[in-house]
Amino acid sequence: LSLLERGASAVASGARLVYSTCSIEQEENEEVVRLFLERTSMLQVIEPNAPASLITSDGFVRTFPHRNGTDGFFAAAFERLL
């Protein structure tokens, strides 16, 4: 969460930020994004530039070894509003 917040402070208005992990744990992924959005109004979640088959119903990218033949992976894309 701290890394995401520090990164967000360096993003210019209208620019994008991607939070990505090589983890499938919700505590490191969706939960961090949820807490981040509760603490800031500077950025909003946007649809990532990724194949539709990898985008979750929440608008994040997620891969699983048993489904995608890759490592477990998560990404959330944001755009700075202010």
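1. Helix axes are lines fitted to C-alpha atoms over the stretch in contact, with angles running from 0 to 180 degrees between N-to-C directions. On that basis, the axes of H1 and H2 come within 10 Å and cross at roughly 45°. H1 and H2 are therefore oblique to each other, a class that takes the angles left over once those under 35 degrees count as roughly parallel, those over 145 as roughly antiparallel and those from 65 to 115 as roughly perpendicular. Helices (H or I, at least four residues) and strands (E, at least two) are DSSP runs numbered from the N terminus.

2. The model discussed here is predicted, with local features needing pLDDT of at least 70 and side-chain atom pairs counting only at pLDDT 80 or more, while totals for chains, interfaces and linings use all residues. Residues are numbered from 1 along each chain as its sequence is written, and side-chain values use heavy atoms, with hydrogens and water left out.

3. The crossing in which H1 passes H2 is right-handed, the near helix being turned clockwise from the far one by less than a right angle. On the H1 side the contact (heavy atoms within 4.5 Å) is made by Leu4, Glu5 and Ala8, and on the H2 side by Val32, Phe36 and Arg39. By class, this contact has 4 nonpolar, no polar and 2 charged residues, where Ala, Val, Leu, Ile, Met, Phe, Trp, Tyr, Cys and Pro count as nonpolar, Asp, Glu, Lys and Arg as charged, and the others, Gly among them, as polar.

4. A salt bridge is taken as a side-chain nitrogen of Lys or Arg within 4 Å of a carboxyl oxygen of Asp or Glu, and the count by this rule comes to 5. One of them joins the side chains of Glu5 and Arg39, at 2.9 Å from N to O. Because Glu5 lies in helix H1 (residues 2–9) and Arg39 in helix H2 (residues 30–39), this pair ties together parts that are 34 residues apart in sequence. Glu5 is partly exposed at 26% relative accessibility, and Arg39 is exposed at 57%; buried means under 20% relative accessible area, exposed over 50% and partly exposed in between, with a 1.4 Å probe and protein chains only.

5. Glu79 lies in strand E4 (residues 73–80) and Arg16 in strand E1 (residues 16–21), so the pair ties together parts that are 63 residues apart in sequence. Arg16 itself is exposed, at 59% relative accessibility.

6. Arg62 and Glu30 meet through their side chains in a salt bridge of 2.5 Å, N to O. This pair links distant parts of the chain, with Arg62 in strand E3 (residues 61–63) and Glu30 in helix H2, 32 residues apart. Both Arg62 and Glu30 are buried. Separately, Glu31, Arg34 and Glu38 are linked in a network of salt bridges.

7. Ser13, found in the loop between H1 and E1, is exposed with a relative accessible area of 53%. Its C-alpha atom is separated by 5.8 Å from that of Leu81, 68 residues apart along the chain, and, leaving aside neighbours within four places in sequence, Ser13 is in contact with Arg80, Leu81 and Leu82. Ser53, in the loop between strand E2 (43–46) and E3, is exposed at 67% relative accessibility, and lies 9.7 Å from Asn68, C-alpha to C-alpha, the two being 15 residues apart in sequence.
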